[in-house]
Amino acid sequence: MSTPAPRSSYANGSVANMIRSMLVVGAIVAVLIAVVPRVNQVSQPPVDVSSVATQVAADTKWPIEAPLGLPDGWKATSVRYVRSTDGLMTWHAGYQSPTGNYVAIEQTKDATAGWLAAQTNRARETGQTQAGGLTWGTYVRSGKVQNSLVHKAESPGQLTTIVTGTGTFDELSTFAEALQPVSGQG
């Protein structure tokens with residue numbers, strides 16, 4: 001009959017052994033945290049509003065607009081031409097302002113009340129302002145940060161234009177003043 005091997009003192013599960021084990025595991029975790037790279041900021045690829053706008057203008061023959069000559073610090077973040085509320089095709093170009101707020105243009109032909117409500121997040125009209133030689137209705141969504149400038153089409157064939165987002169009315173006005181017709185010529 002053989003005698004069992006002597007038991008290691010580490011197998012006794014003492015408090016001191018547990019603390020030593022925790023220190024070793026903690027040191028390994030600390031080393032991993034120190035050597036694994038972390039991303040501080042996520043950047044997205046640049047958005048080419050100009051080429052998409054030219055294509056949309058050529059395809060639709062709509063007099064869409066896009067901002068030209070915005071002050072330094074404005075950055076395009078999104079651009080699309082998609083079906084929206086009430087089945088209306090909508091031109092959209094979104095930007096980040098120098099202060100980090102979001103500002104976008106939304107344009108469609110034959111805008112409905114439902115489309116207008118959806119684009120302004122069901123905000124109510126609070127007044128009027130002038131920007132870019134046009135009179136815009138000011139819309140404020142209470143309880144949620146969204147401001148909008150709305151220029152409704154004055155006759156058939158014209159587009160309803162909304163400048164909307166988390167931007168201040170000064171930022172929305174700066175954006176509206178920079179809007180220029182887009183040529184459908186490549």
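**Starting at a turn**

Select D86 to begin: in the hairpin of β2 and β3, which has 5 residues between the strands, D86 takes a positive phi near 60°. The model is a predicted one, in which local features need pLDDT of at least 70 and side-chain atom pairs count only at pLDDT 80 or more, while totals for chains, interfaces and linings use all residues. Residues are numbered from 1 along each chain as its sequence is written, and side-chain values use heavy atoms, with hydrogens and water left out. Strands (E, at least two residues) and helices (H or I, at least four residues) are DSSP runs, numbered from the N terminus.

**Along the strands**

Now select β2 and β3 together, which run antiparallel and are joined by 8 bridges; two strands count as paired if DSSP finds at least two bridges between them. Within this pairing, R80 has H92 in β3 as its bridge partner. Strand β3 (residues 89-96) is largely enclosed by the rest of the structure, because 6 of its 8 residues are buried, where buried means under 20% relative accessible area, exposed means over 50%, and partly exposed lies in between (1.4 Å probe, protein chains only).

Next, select strand β5 (residues 124-131) and strand β6 (residues 134-141), an antiparallel pair with 7 bridges, in which G127 stands opposite T138 in β6. Their hairpin has 2 residues between the strands, and G132 takes a positive phi near 60° in it. Keep T138 selected, for its bridge partner in β7 is L149; β6 and strand β7 (residues 146-151) pair in the antiparallel sense over 5 bridges. In the turn of the β6 and β7 hairpin, which has 4 residues between the strands, G143 has a positive phi of about 85°.

**Aromatic rings**

How many aromatic pairs are there? Rings of Phe, Tyr and Trp (its six-membered ring) pair if their centres lie within 6.5 Å, and planes under 30 degrees apart count as stacked, over 60 as edge-to-face and the rest as tilted; by this rule the count comes to 3. One of them is the edge-to-face pair of W62 and Y81, with 5.7 Å from centre to centre and 85° between the planes. This pair links distant parts of the chain, 19 residues apart, with W62 in the loop between α2 and β1 (65-67) and Y81 in strand β2 (residues 75-83). W62 is buried at a relative accessible area of 13%, whereas Y81 counts as partly exposed at 27%.

Then select W74 and F175, a tilted pair with 5.9 Å from centre to centre and 45° between the planes. Here too distant parts of the chain are linked, since W74 lies in the loop between β1 and β2 and F175 in helix α4 (residues 169-177), 101 residues apart. Both are buried, W74 with a relative accessible area of 15% and F175 with 0%.

**A last stop in a helix**

Finally, select T54 in helix α2, which counts as buried at 19% relative accessibility, and follow its side chain to the backbone oxygen of S50, which it reaches at 2.9 Å.

Key
A polar contact is a pair of N or O atoms within 3.5 Å; within protein, one must be able to donate a hydrogen and the other to accept it, and residues adjacent in sequence count only if both atoms are side-chain atoms.
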